[in-house]
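Dear colleague,

I am passing on the structure we spoke about, and below it I have written out what was found. Please keep the model open while you read, so that you can follow each residue as it comes up.

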Amino acid sequence: MKMEKKDLHNEVKKMESLLRSACRTIWEHPETGGNEKVSADYFRKLLGEEGFKIVNEEKLEHAFYAEYGSGKPVIAILGEYDALPGLSQKVSGRKEPVEAGAPGHGCGHNLLGTASAVGAISVKRYLEAEGASGTVRFYGCPEEELLSGKVKMIYYHMFDGCDFAVSWHPMSANMVYDSGYLASASAHFKFKGRSSHAAFAPELGRSALDAVELMNVGVNYLREHVTSKARIHYTTDSGGFAPNIVPPLAGSWYFVRAPYIADVKEILERIKKVAEGAALMTETEVEIKIDYGCCEMLENHSYGDLAYQNLKEAGLPVFDDEELSFAESLLDTVPKADVEKAQKLYDTEGRPMTWKLNDRNLYQVNPLTASSDSGDISHIMPMCVISTSCWPAGVAPHTWQATAAAGCSLGEKGALSAARVIAGIAYDLYNRPEEREAILKEFREKKDDYTPMYEA
Ligand SMILES: [Zn+2]
């Protein structure tokens, strides 16, 4: 008897305890971008034991894909598992780190990787039971928080042969992102001056720190003359050793974000000129390194429609009184105005968690201002993104409150819903050739020239 979509949803439901323990295990071993050894190995083992073939890329230690099936279409389910520095937090309504200063899953990537893996396993079981043609791949993508992992994976051809990508992110809403993700790039500027005694022979010194400061001032003036939607952030990553030594070395680290990668590249060229100007003024030298850049998301409305339909069918997370009161305690630590604004945006009807399916247009009216290396995936194949309700409306990602929610049943319930949606989307892609063709047609029409902004 042919497996229906609801059978696939049930298959996910049967894996609930596996899903919860995986969410918890990754949460308990938070690893920052580039260091995801335990997390990547955990997923390699889980999928390997389920009968997936594991394919590694030796130049990217914590990246892999796990493949099952044969023939077309090849569906890539994207997983991530990196944590954020300094966001260690217990499942508690007050700020209480597990280990002070340690990383924590403040973006819920423990949920992200797990729901994607469980979704991929259920799809594998479907292909196996049906003996159907088609391939499913789970992608273990490191370094999302550095916005670099998937860009590097594309550079190393790890996505070659894929037809469709399915992705999701834990959030405060049950929704489809039709657009979202600003393009972004990361660059380092290292200035080299000349050290000297700051009081005895200041005239002999050339301060690299002066150059960093002048560069930052210059960039702050530049802001007025770039597209108003651009964001430029910086930090200094070294600035000398002691006030009585003219700093011979100093550096800054910049992120540039804008709606399109073309804008980012143009702004970066201008920032380079500012850096060179600062070096000229201070008689220092500057070494510029563009680390990588990632693209905006290429919209695909046909694919968004399919994802939205699946969100409707999969069943949204429902929270009990105990969970709601924990959500409430987290919101007590957030400014009231932020909570009210978020509850209005997500139309929570006064509840701390979203209960409903949010509007398709929500982020067209209130565009996302974050970036993700998933944007690049949408330039090489059609990609859809959904989110489910995993933390209270009013809690922002990258906070200790989000870490707390991602470590308990609030996040786990959101992840369970997400796994069902992922399974349903894959089911439709295998079974509905007309919709597949419509998505591919829209992709071909919008596709641009793409090359990953990274060089090893
Ligand atoms: Zn994230």
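The largest cavity in this predicted model has a volume of about 30 Å³, and a search of the whole structure finds 1 cavity of 30 Å³ or more. Among the lining residues are Val176, Asp178, Tyr303, Gly304 and Met383, and by class the lining has 7 nonpolar, 2 polar and 1 charged residues.

Turning to the rings, the structure holds 17 aromatic pairs. One of them joins Tyr42 and Phe43 edge-to-face, at 5.6 Å centre to centre and with 90° between the planes. Tyr42 counts as partly exposed because its relative accessibility is 23%, whereas Phe43, at 0%, counts as buried. Ring pairs also link Tyr42 and Phe43 with Phe64, Tyr81 and Phe138 into a cluster.

Tyr155 and Tyr454 have ring centres 5.1 Å apart and planes at 90°, so this pair too is edge-to-face. It links distant parts of the chain, since Tyr155 lies in helix H5 (residues 149-155) and Tyr454 in the segment after helix H15 (433-446), 299 residues apart. Tyr155 is partly exposed at 29% relative accessibility, while Tyr454 is buried, with a relative accessible area of 16%.

Finally, the charged end of Arg24 sits over the ring of Trp27, 5.6 Å from its centre, and that of Lys124 sits over the ring of Tyr68, 5.2 Å from its centre.

Best wishes

Conventions. Residues numbered from 1 in each chain as written. Predicted model: local features only at pLDDT ≥ 70, side-chain atom pairs only at ≥ 80, totals over all residues. Heavy atoms only, no water. 1 Å grid on protein atoms, 1.4 Å probe; cavity = no way out; pocket = protein on both sides within 12 Å on 5 of 7 lines; lining within 4 Å. Points joined across faces, edges and corners; volume = space filled by probe spheres on them. Nonpolar A, V, L, I, M, F, W, Y, C, P; charged D, E, K, R; others polar. Phe/Tyr/Trp six-rings, centres within 6.5 Å; stacked < 30°, edge-to-face > 60°. Buried < 20%, exposed > 50% of the residue type's maximum accessible area, 1.4 Å probe, protein only. Helix = DSSP H or I, 4+ residues; strand = E, 2+ residues; numbered from the N terminus. Lys NZ or Arg CZ within 6 Å of the ring centre and 35° of its normal.
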